[in-house]
Amino acid sequence: MLRLAFLFIIFLWLSFRWWRNRSSVIINWPVVGMLPGLFLNSSRMHVFLTYVLQQCGGTFSFKGPWFGSLDFLVTSNPANVHHILRKKVFNYHKGLEFKEIFAESFGDGIFCADGDRWKTQRRTIHSFIKDSKFEEAVERIIQRKVSQGIFVILEHFSEQREEVDMQDVLKRFAFDFVCLLMLGFDPNSLSIEFPRVPYKQAYYDMEEVALQRHLKPQGFWKLQKWLQIGEERKMKNGSEIFDRLLYQCISRKKELLNRRKTPMDRDDFNLLTFMLVEDNNQEEREMSACKKSEKYARDMAFNLLSAGSETVSSGLTWFLWLVATHPLIEKRILEEMKTNFKWRRRWEGEAFQF
């Protein structure tokens with residue numbers, strides 16, 4: 001009888017919580033929080049999150065289960081983003097838990113850094129992007145990867161009248177692009193054969209595990225890490241493979257620069273060259289000892305690889321999806337291209353100026 005009364009009380013409590021939250025975009029249940037609503041919409045996550053943000057004025061507070069640290073704030077409001085990431089950035093420290101999740105892959109890079117360390121790395125990145133050779137490097141790499149990579153793949157599948165996974169194509173394009181721009185190394189993953197590149201797979205494994213850590217209780221993923229089982233084993237293997245690539249690129253670049261008697265060629269410009277070459281700028285000279293350390297170069301390179309690869313490929317994939325679902329817009333874009341470019345079966349790069 002006591003057990004029935006206890007179950008009835010729980011039922012009334014759950015009903016009350018449901019009644020109180022019935023008009024919410026996602027119901028905040030006892031114990032499990034808002035996870036059920038998230039899982040029910042996992043197959044349409046982007047559409048669902050967009051709807052939630054629209055209903056909440058652009059900012060939404062997500063409540064996770066009681067036993068995990070999964071409460072977080074989601075915002076798409078540009079004013080909030082500007083406030084948190086730029087205007088008042090020193091008020092929003094990443095914190096120890098954030099660094100524990102990402103430290104193995106991002107190290108002490110700008111993604112995990114706070115305070116003066118963040119400011120120093122931001123200054124380095126700004127100097128890199130503002131360098132006159134940066135635009136030339138971006139233009140040269142994109143021309144090469146589009147004409148010798150994307151065009152070749154699309155023509156091949158078009159002639160074979162076969163479907164091609166454009167998201168995979170664009171992820172390969174972005175990965176090759178950022179590796180060349182940051183490391184001066186071409187993984188050559190963008191080809192008709194769609195080769196399995198160990199470095200690329202290791203990078204995406206590390207990214208996936210970092211995401212999984214957000215969704216699991218901290219104690220659980222730390223136990224997996226200690227036992228080296230499940231997803232955490234992927235993190236260890238991925239870190240070893242990708243770090244091997246990064247440190248090989250850094251050592252090779254140092255050796256090349258030490259042997260070089262003439263000034264650096266503009267075609268050799270990339271992040272590693274920029275960081276390892278002695279600067280004439282007084283402010284840069286003060287940071288040169290830090291910049292020339294392999295650990296600093298490794299962390300900086302990995303953080304910018306991550307920032308450049310996923311954002312570019314995701315943006316291009318969504319753009320193509322939007323064009324494909326709006327035939328009128330597609331028609332107008334094609335008309336504009338025919339008007340502005342000399343229409344040939346194969347453009348010779350004239351469209352790809354910075």
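This is a predicted model: local features need pLDDT of at least 70, side-chain atom pairs count only at pLDDT 80 or more; totals for chains, interfaces and linings use all residues.
**Helix 8**

Helix 8 spans residues 166-183, 18 residues in total. From first C-alpha to last, helix 8 reaches 25 Å, close to the 26 Å expected at 1.5 Å a residue. Asp165 caps the N-terminal end: one of its side-chain oxygens sits 3.1 Å from the backbone nitrogen of Gln167. Gly184 follows the helix, with a positive phi near 70°.

**Nonpolar cores**

The largest nonpolar core holds 46 residues. Those with the most contacts inside this core include Phe128, Leu181, Met182 and Leu183. Several helices each supply at least two of the core's residues, among them helix 5 (95-106), helix 7 (132-160) and helix 14 (294-324). Helix 8 gives the most, with eight residues.

Take Met182. Beyond its neighbours within four places in sequence, Met182 touches Phe128, Asn270, Leu271, Leu272, Leu304 and Leu305. Another core, of 10 residues, lies apart from the largest one. Its members include Val146, Phe157, Leu190 and Phe194.

Cys249 is in none; the nearest cysteine sulfur, that of Cys179, is 7.7 Å away. A disulfide would need the two sulfurs within 2.5 Å. The table lists accessibility for two cysteines.

| Residue | Relative accessible area | Class |
|---|---|---|
| Cys56 | 30% | partly exposed |
| Cys249 | 3% | buried |

Terms used. Residues are numbered from 1 along each chain as its sequence is written. Side-chain values use heavy atoms; hydrogens and water are left out. Helices (H or I, at least four residues) and strands (E, at least two) are DSSP runs, numbered from the N terminus. The expected span of a helix is 1.5 Å times one less than its number of residues. A polar contact is a pair of N or O atoms within 3.5 Å; within protein, one must be able to donate a hydrogen and the other to accept it, and residues adjacent in sequence count only if both atoms are side-chain atoms. A nonpolar core is a set of buried Ala, Val, Leu, Ile, Met, Phe, Trp, Tyr and Cys residues joined through side-chain atoms within 4.5 Å. Buried means under 20% relative accessible area, exposed over 50%, partly exposed in between (1.4 Å probe, protein chains only). Contact means heavy atoms within 4.5 Å.
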